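User: I'd like to learn how to read features of a model like this one. Could you walk me through it?

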Amino acid sequence: MSNRMINLLVPAIAVILGLLVGAIVMLVSGYDPVAGYIALWQGIFGDSYAIGETIRQITPYILAGLAVAFAFRTGLFNIGVEGQLIVGWFAAVYVGAAFDLPKVIHLPLSILAGAAAGALWAFLPGLLKAKMKIHEVIVTIMMNYIALHVVNALIKTWSGGGDKTDRILESASLRSEFLSSLTDYSRLHYGILVALLMVVVMWFILEKTTTGFELKAVGFNEHASEYAGMKIGKNIILSMVISGAFAGLAGAMEGLGTFGNMYTRGGFTGIGFDGIAVALLGANTPLGVIFGAVLFGSLKYGALNMPNAAQIPEEVVQIVIALVIFFVACGYAIRLFLTKISKKKEAK
Amino acid sequence: MEYVIEMLNIRKEFGNFVANDNITLQLRKGEIHALLGENGAGKSTLMNVLFGLYQPEGGEIRVRGKKVDITDPNVANELGIGMVHQHFMLVENFTVTENIILGNEPTKNGSVNISSAAKKVAELSKQYGLNVDPNAKIEDISVGMQQRAEILKTLYRGADILIFDEPTASLTPQEISELIGIMKKLIAEGKSIILITHKLQEIMDVSDRVTVIRKGKGIGTVETSETDPEQLASMMVGRQVTFKTEKGPADPKEEVLKIEGLTVEDSRGVPKVKGLNLSIRKGEIVGIAGIDGNGQSELIEAITGLRKSKSGNILINGKDITNRKPREITNSGIGHIPQDRHKHGLVLDFPIGHNIGLQTYFRPPYSKGGIINYTAIDKKAEEIIAQYDVRTQGPHEPARALSGGNQQKAIIGREVERDPDLLIAALPTRGLDVGAIEFIHRRLIEQRDSGKAVLLVSFELDEVMNVSDRIAVIYDGSIIDTVLPSETDEQELGLLMAGHSREAAARQAEEGVNNHVE
């Protein structure tokens, strides 16, 4: 079996295995797996509206995945994508609602505000790591809670005790009549283009610039990088800032595209944490992140249809989705299995 | 002739790779049998088979004439086979006795009975003349003493066949001669020894017979008395090897490096370099001889900007570079072959081509306006790979996949190609085999001949003696003497390195004092 064949087979087998085990779970729980999967399929690809909503859902996953992957490629664990996303969301909505500017200025400015807020939120853990060797995992986790509650408080203050911000002005919106009408009036917006552009940006920084060369070198071996004259602290901070900017953009997409405002939250969005899995599924490469985000986004969105169309309770649906992702993450074991089989065949 | 161990036609495969191809090694009772081979020749694999860590695919092992199946290290222990590892397996803050009984503690009413063990250790130490204090903590005793603790550990467990894995790698010349005495004493007491090494002089000094392996194949076994280092070397590498690298007299010109009153502290704030002065001129190789830990690492880190110095000045071509950033220092004309090539020299997960570009990627033609040109980097890397005989599949192969010698050649190529005025080579041949050592020494001398200054730091006395034009002896953070290789010998150097003055060294040599006290 050629390597290429195996590369194609592994994800396919993983998804099938996940669906099979998921089917068993549904059967055991007394539900009809066939109906369940038809509902899932319909939820993702059933009509143009579903497709539009699925793509919309994929958008923040791509950006959150890029944020985690970028930090990871440079030797850092950014567990704070969730918090950076929340501050990015708020900052984008604030700029989008508080100023009145022509669209060519207002929209980019609002997007940049989101990116800048995320970058700033990641700058602090980067600085602490660079200057005092404080582990970024601890700081970023704690920064998530700070982000959540600070933003909630800001929303309350801004709205005079309410639970949501003002709506952004039309001039700051990513909404697209064109995309929306194309997909039966779904909430699909231009954010997907921003996300895909960022995939290219990440690839470009890592593979085409001296900055990327330094970031990767520092991530792999600080000592050798220092020996080669690179500034370790600068690179750690820069890596966190770029990662945080991607995360902030994910929030901006939600604020300027999907929702148009921001509500106070009882808990996290979950997108930032799912970004960790997206990045790992995609082997931390820019293209891989798209694959991971498509898988996550479509399953998450499509699953919403399962309770309605097949009367499968939310909890069981969650288990089924988790199983599919679990098996994809186990791709390594499947690969090992396939290699063994093909070796045995060769021996014969 | 009675054999205590016979390893007959041992074959060990890892997938498609044959690490041991029908190797035979027979150890006579009461002999020191050297096992000689280059790095990666299969010495460790063969010993791991004997120690039960690997199961051979073919061949048989006989211990005292009886065919045995050594399925794990416990079986080896029961058969009386003990291993003195190259990297000591000792717990630093335990005493010698505690380390020896570790995993096998004698108990009395449920608690560990240290005192009876300590008594037994003391007896063994006396019997074999090891002179080890059973109650000393490992962290407080010298490397030589730690090694003796390792030897005691095998003896305590009843070993009468001892395997020494590269035992002299980290010892001073005096400790080496003491170790040789200990090995002879062990033989006199009825033990048998397998000595793994790639140092030829040691084999000539101590062994009775030598088995040579090359690329996994047994080349043969010879009587030490009937061979010489040249023959052994050619058996080991498969071609003629020159030991003493040919070089003409040095022609030193203007001063390149000047160090005045340099003081450097280690990470714990302990001064390691204390008011050191040193000067190196163009066209000469200055060797720093000294025992590990006398400030060599800190000195080099201070010169290359990896560590801040407390006081003093470092000048390159008259320009003060004290406490400047590493990039500025390398750009002022310093090339640096670092002591630890895995830690400082290479990004192991990068392709070897990227690694060769590690010191030049930031300037044209390798990058322009922040955009990197990997094509240009790889092209240069290919040139260096060809010119410095780096055996690799190409610039895209990960640095990790290369052997130590080839990694080192790539680093040397990278540093020399930058055309530095001063080339610092720290332990450039550590862990390498004779072929690679020869290559590297030749390159260093070439640099000198082309008018560069070379600073060589080494723990290997023969390397310092062979390659340097001047030898600066470092002891406790300062240069205590400078000698010419033609006017000194290993004995005198060894004593200088231990902190004796030249007069005291001469006196000791005259009195024929061999048992130098630490």
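Analyst: Happy to. Let's begin with a helix: α9 (residues 296-303) of chain B lies across β13, β14 and β16 of chain B, at about 60° to β14(B). Helices (H or I, at least four residues) and strands (E, at least two) are DSSP runs numbered from the N terminus. Axes are lines fitted to C-alpha atoms, for helices over the stretch in contact, and angles run from 0 to 180 degrees between N-to-C directions. Contact requires C-beta atoms, placed from the backbone, within 7 Å.

User: What should I know about the model and its labels?

Analyst: The model is predicted: local features need pLDDT of at least 70, side-chain atom pairs count only at pLDDT 80 or more, and totals for chains, interfaces and linings use all residues. Residues are numbered from 1 along each chain as its sequence is written, while chains are lettered from A and ligands numbered from 1 in the order in which they are written.

User: What is the strand order of the open sheet of four strands in chain B?

Analyst: Two strands pair if DSSP finds at least two bridges between them. Here the order is β14-β13-β16-β17 of chain B, with antiparallel pairing. β14 (271-281) and β17 (319-320) of chain B are the edges, each pairing on one side only. Between β13 (residues 255-265) and β16 (residues 311-316) of chain B there are five bridges, and E260(B) has N313(B) as its bridge partner in β16(B).

User: How is the open sheet of six strands arranged?

Analyst: Read across, that sheet runs β18-β21-β22-β15-β23-β24 in chain B, and its pairing is mixed. Its edge strands are β18 (334-337) and β24 (478-483) of chain B. From one strand to the next, the twist averages 20°. Helix α14 (residues 404-417) of chain B packs on this sheet, touching β18 and β21 (422-426) of chain B, and its direction makes about 175° with that of β18(B). Helix α15 (residues 434-449) of chain B also packs on the sheet, touching β15 (285-289), β21 and β22 (453-458) of chain B, with about 150° between its direction and that of β22(B).

User: Why is helix α12 of chain A described as largely enclosed?

Analyst: A residue is buried if 20 or more other C-beta atoms lie within 10 Å of its own, exposed if 12 or fewer, and partly exposed in between, with C-beta atoms placed from the backbone. Nine of the eleven residues of α12 (residues 271-281) of chain A are buried, so the rest of the structure largely encloses this helix. Among the buried ones are I271(A), D274(A) and L281(A). Their cover includes α3 (48-73), α4 (81-98) and α11 (232-259) of chain A. Just after α12(A), A283(A) takes a positive phi of about 55°.

User: Which residues touch the most other members of the largest nonpolar core?

Analyst: A nonpolar core is a set of buried Ala, Val, Leu, Ile, Met, Phe, Trp, Tyr and Cys residues joined through C-beta atoms within 7 Å. The largest one has 244 residues, and L63(A), A64(A), L66(A), A67(A), F246(A) and L249(A) touch the most other members. Beyond its neighbours within four places in sequence, L249(A) contacts residues including L63(A), G88(A) and M198(A).

User: How many residues does each chain give to the contact?

Analyst: Chain A gives 14 residues and chain B gives 22. On the side of chain A that touches chain B, α9(A) gives the most, with five residues.

Technical notes:
Two residues are in contact if their C-beta atoms, placed from the backbone, lie within 7 Å.
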